[in-house]
Amino acid sequence: MIETVQDLRPTYFSAFGVDEKLIREALSAALSRGGEYADLFFQHRVAHNFVLEDGSVNRAFKGTELGVGVRVVKGDQTGYAFTEDLSLESIREAARTAATIAEGLQQEAPARFHLTGGLPSRYATTRRWDDVRPEEKLPLLTGLNDKTFAMNDAIRKVNITFGDEMSAILIADSTGRIAEDVQPMTLLYLSCVAEKNGEREQNTYGVAARRDMSFYSQDRLDLMVKEAVDRTMILFDAVQAPAGEMPVVLGAGASGILLHEAIGHGMEADFNRKGTSIYADKIGKKVAHSFVNVVDEGTEEGARGSINVDDEGNAAGRTNLVEDGVLTTYLHDSISAKHYGVKPTGNGRRESYQYPPLPRMRSTYMLPGPHKKEEIIASVKRGLYCTNFTNGQVQIGAGDFTFYVKNGYLIEDGKLTRPIKDVNIIGNGPKVLEQIDMVADDLTIDQGGWTCGKDGQSVPVSQGIPTVRVASITVGGRSDR
Amino acid sequence: MAIREAVSEEFRAVARDAVKSAKAAGAGGAAARMAKVREVAVQWRDGQVEQVTESTTRGLALSLYVDGRFASVSTSDLRPEAIDPFIMDAVAMTRTLSEDPFRTLPDPSLYDHRPTVDLEFSDPDYGTVTAARRRDLARAIEDAARSVPGADRILSVTTSVSDSRSEMFRVTSNGFEGERIDTSFWLSGSVTVQDEDGRRPEDGDFCGGRFVRDLGDPAEVGRSSAQRALVRLGATKVPSGIMTMVLDRRTGGRLVGALLSPLSASSIQQRRSFLEGRAGEGVGGALLDITDDPLIPKGFGSRHFDGEGISAQRLPLFEAGVLRNYYVDTYYGRKLDMKPTTGTTSNLEWSLGSKSQSELILDAAEGVFVTGFLGGNSNGTTGDYSLGIQGFMIRKGEIAEPVAEMNISGNQLELWKRLVRVGNDPYEFSPLRTPTLVFEEVSFAGV
């Protein structure tokens, strides 16, 4: 029988001397000043990166992190401390530091703990990454390099990064709950530089997943080479996008970045609890056409944004942000859930043991709608069709957000004409939601290695969308006036 | 010269032992770096403490040179029984890689002539700031924010008071040893205000210093945070067009950073730099005049040696618009056959103009005063950039209505030639120390 990641769970941290007695004593110290709630977050993470440059895999990076964070909560107030030394003495000291957020009498730590059972496994792995030897990984990189150069004579440089990670976590809280998970991650990025007629262009294609080596099928690797080369070579034919307001059609998949920035962040409950989001007080209000449905979920097997359990020990399910055009549910961690009197949604996430959890997205996407991609493109007289993106950002309160388009096309009289490149698009969240007036039936979840940043913490996320039309948004191209 | 604090002998021993273990495991060369960072932060919101965080992190990083092969590893698991197996495993991993003849430790002569000037990194009074003082400061920022005219529009005020102390010791197998202790202290405020159309614009301000006695006035940070948010009320977008851009000193670093990254030898060697082959050429207007200066006392980018151990020295980057030097580290220097300078930016020293920001706005007469960037990107290979902006219209030499939801775009080779004024006001809270900059004929996208 194949030993699965699930089977390894209950014992992972015992190798580091973590047992119920240590957990109980640490929580007792955390509650020593009257905190209402406390939790411990143990983490052991081992990550590798292998880099191919100038034809060979000539550098590797390995990082090991081991530590425990202690959080104490009183009302909306949080005390947080962490240590990298898992001795009881050191954890107790961190716990006493975190405890100072409260000023009251000792609260009791739980007498007994129960392991959260029945968690699903959404990672589809049969081998842990720390059991895979470098010798198995390196041929992936050299093979991709050779194929990329063979694909087109204009290619001058190829850079490939392969990453894998295994993060074991254990969360124990003052309600007596213990949850454990071993979370795998892998990513592969292929970047190339090409030269043509004295010009130079560069582009990248990458994939990421919570999967094992079997993720890298020959078909996937061949697709990577083709996409990386095509996305680079088309830039030589690209023109600058125009400037100003116009209709923008977003291609299925990576365009989900629009949802992440335009609505996802603004629906994180901490901003709403504080009244600092443009979506505060808008639950139950109509914000979009009735065929617009947006969800955030952590359940798709193998997706980069999926998790069996969030970093507060809550099961990750599916949360409806927008249902039939109506704003439905915020994304909660346990603090905001308590504030709003609702159940946590499994969105409490953190970068590592060094940080307290915050409401964060997992995999954010829009459900399919009634239109067809072809009819959407045909409906635009003059506008853009955008396919690839690099980054985005949002102002939570003002609602203004941007996303940077790396590849796309002009649409003229309902047809894709010249390719475009390197243009930032800027809009306002609620206004743009209203402007989404066509949604196709071709939902695609992008497999790129998206990473979301908030309050200095990075977490892996996924995003997706069907082809949609935004009737009007500002395109940051070159102005000729 | 002031007596400097030293890192503990025990701390040094971990790094020296790691180099020894690496050599014993078969590495021909190794560099080890031990670091320990203590950070304390109080976040305050609407009349009470929101979050207190206090922790010390420590870790060991190791670069390994094994049979002509290279890897770099790090760990926070410093249990004595864990370190040696970690190093053995890392050496074994390095052996699986391809040989790389360009990968070596720096030429030890580059470790010579390390400056000894006191850069005033470390406040001996670190540790005297009490939890009560942090709370008082955090409260004072909020109180000041709520005291400005128009404060009834304020929805929420979040403030923070934080400080940190870092210790670092680095040793290599070819003769480098170096250490530093540095401290910093920061105050910040962030204010959200209610606009009539339902928007909730947010802005803020901050200040910091290496010494607690240099920490600015919390009341000034609070007032400025609230004022910066309140002036965003009623922001609109204006028609697209070619206009003069006055770029605020606080936000200019974003554009300057996009000019610096293509200066790295790695970008040049990997053919991802629009500045490749342009040394000695004019790539900007005569006012583009910048030197990398690692030796500014109390500077946030100051250092006696860089991350490889190369002794710090001033490095002219642009002189009257002419590109003079690249950022060259040992590895890419060998690949390109260029002499190493340093691989990373320290502080920038600009040739300053004589005028203040308000004088530059007056001189510009008409244009856009850009006070913040939102997202966007710059393509280091081609120089094309497209960035979201917010700011204010400049009309008749004065700051007029706020604008938002707009973009600028163009190519950096054109942009820096259109740099027509440099202010007298370097921004001291960033190592890039950018003054107010004025560019002509910038393409703005709006309505």
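Tutor: Let us begin with chain B, where the C-alpha centres of domain 1 and domain 2 of chain B lie 24 Å apart. The bounds are 9–230 for domain 1 and 241–445 for domain 2 of chain B, and such bounds come from an automatic or database domain assignment. This is a predicted model, in which local features need pLDDT of at least 70 and side-chain atom pairs count only at pLDDT 80 or more, while totals for chains, interfaces and linings use all residues. Residues are numbered from 1 along each chain as its sequence is written, and chains are lettered from A and ligands numbered from 1 in the order in which they are written.

Student: How many residues of domain 1 of chain B are in contact with domain 2 of chain B?

Tutor: There are 22 residues of domain 1 of chain B in contact with 17 residues of domain 2 of chain B, where contact means that the C-beta atoms, placed from the backbone, lie within 7 Å. On the domain 1 side, strand 6 (202–209) of chain B is one of the elements that give two or more residues, and strand 6 of chain B gives the most, with three residues. Helices (H or I, at least four residues) and strands (E, at least two) are DSSP runs, numbered from the N terminus.

Student: And chain A, what's the domain assignment there?

Tutor: Chain A is assigned a domain 1 at 5–236 and a domain 2 at 243–476, and their C-alpha centres lie 23 Å apart. Here 41 residues of domain 1 of chain A are in contact with 28 residues of domain 2 of chain A. On the domain 1 side, strand 6 of chain A supplies the largest share, seven residues.

Student: What's that side made of, by class?

Tutor: By class, the side of domain 1 of chain A that touches domain 2 of chain A has 20 nonpolar, nine polar and 12 charged residues. In this scheme Ala, Val, Leu, Ile, Met, Phe, Trp, Tyr, Cys and Pro count as nonpolar, Asp, Glu, Lys and Arg as charged, and the others, Gly among them, as polar.

Student: Switching to helices: at what angle do helix 4 and helix 5 of chain A pack?

Tutor: Helix 4 (residues 134–151) and helix 5 (residues 218–233) of chain A pack at an angle of about 45°, with their axes 10 Å apart. Axes are lines fitted to C-alpha atoms, for helices over the stretch in contact, and angles run from 0 to 180 degrees between N-to-C directions.

Student: Why call helix 4 of chain A oblique to helix 5 of chain A?

Tutor: Helix 4 of chain A is oblique to helix 5 of chain A because of that angle: under 35 degrees counts as roughly parallel, over 145 as roughly antiparallel, 65 to 115 as roughly perpendicular and the rest as oblique. Among the residues that make the contact are A:Leu144 of helix 4 and A:Val225 of helix 5 of chain A.

Student: Now the two chains. How many residues does each give to the contact?

Tutor: The contact takes 65 residues from chain B and 67 residues from chain A. On the chain B side, the largest share, 10 residues, comes from strand 2 (residues 48–66) of chain B.

Student: Which strands of chain A and chain B are joined by bridges?

Tutor: Strand 2 (residues 56–74) of chain A and strand 3 (residues 69–75) of chain B run parallel and are joined by five bridges, and strands pair if DSSP finds at least two bridges between them. A:Gly63 stands opposite B:Ser74 in strand 3 of chain B.

Conventions. Two residues are in contact if their C-beta atoms, placed from the backbone, lie within 7 Å.
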